[in-house]
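Subject: Structure handover

Hello,

Here is the structure for your files. My notes on what was found in it follow below.

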Amino acid sequence: MITVTEKAPHFLDYTFTTPTLTMKQTAEGSILIGGGREGYGELETNTKGVSINNLCFNVREALEMVPSIKKLNILRSWSGFKGFTPERLPYIGEVEDYPGVYYAVTGFCGYAIGPAVGMHACRMMTGQGEPGGLRAERRI
């Protein structure tokens, strides 16, 4: 589940992470608040929604970390389905039967790990090396 605030002048230089929360500021200035507290959904019916209780927990934790976001309005929240690899590790590599076609799957979490997986995938695609610890031996 992600919650988005209105835009603000840039003041968060890092992604904040705890076991139950991830928060960062976008280039446009919005604050993204998400984490381990999820919305609800049924994969069979593609029904998903925001849990108001969990949204409140997320926002309260974000306020404890960065009290100055209290002045920002929440614009929207949403939930979705996350896929997991069996090992909960990213899969990054080149498709064996199709040279030049690559895959990069985060493996276990939402938006927080995406940039790191993307960076390692780009390094692989440009011949700057294997993704090191993010490499899973399972091939697609």
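Two strands count as paired if DSSP finds at least two bridges between them. E2 and E3 meet that definition, because at least two bridges are needed and 3 bridges join these antiparallel strands. Please keep in mind throughout that this is a predicted model.

The sheet. E2 and E3 belong to an open sheet of 5 strands, in the order E2-E3-E4-E1-E7, with antiparallel pairing. The edges are taken by strand E2 (16-18) and strand E7 (74-78); each has a single partner strand, so one side of each has no neighbour in the sheet. On average, neighbouring strands here are turned by 10 degrees against each other, direction ignored. In general, strands of a sheet pair through backbone hydrogen bonds, either parallel or antiparallel.

Leu21. This residue is found in strand E3, and Thr18 stands opposite Leu21. Is Leu21 buried or exposed? Leu21 has a relative accessible area of 1%, and buried means under 20%, so Leu21 counts as buried. Leu21 and Ala62 are 41 residues apart in sequence, yet their C-alpha atoms are 7.5 Å apart in space.

The cores. Both Leu21 and Ala62 are members of the largest nonpolar core, which has 10 residues in all. Another core lies apart from it and has 5 residues, including Ile92, Ile113, Val117 and Met124. As background, nonpolar side chains in soluble globular proteins tend to be buried together.

Cysteines. How many disulfides does the structure hold? The count is 0. Cys56 has a relative accessibility of 30%, so Cys56 counts as partly exposed. Cys122, with a relative accessible area of 43%, is partly exposed too. The partly exposed class runs between the 20% limit for buried and the 50% limit for exposed, which means that both values fall inside it.

Aromatic rings. A search of the whole structure gave 0 aromatic pairs. One ring does have a charged residue over it: Arg60 lies over the face of Phe57, at 5.1 Å from the ring centre.

Regards

Notes. Residues numbered from 1 in each chain as written. Predicted model: local features only at pLDDT ≥ 70, side-chain atom pairs only at ≥ 80, totals over all residues. Heavy atoms only, no water. Core = buried A, V, L, I, M, F, W, Y, C linked by side-chain atoms within 4.5 Å. Buried < 20%, exposed > 50% of the residue type's maximum accessible area, 1.4 Å probe, protein only. Disulfide = S-S within 2.5 Å. Helix = DSSP H or I, 4+ residues; strand = E, 2+ residues; numbered from the N terminus. Phe/Tyr/Trp six-rings, centres within 6.5 Å; stacked < 30°, edge-to-face > 60°. Lys NZ or Arg CZ within 6 Å of the ring centre and 35° of its normal. Axes fitted to C-alpha atoms, helices over the stretch in contact; angles between N-to-C directions.
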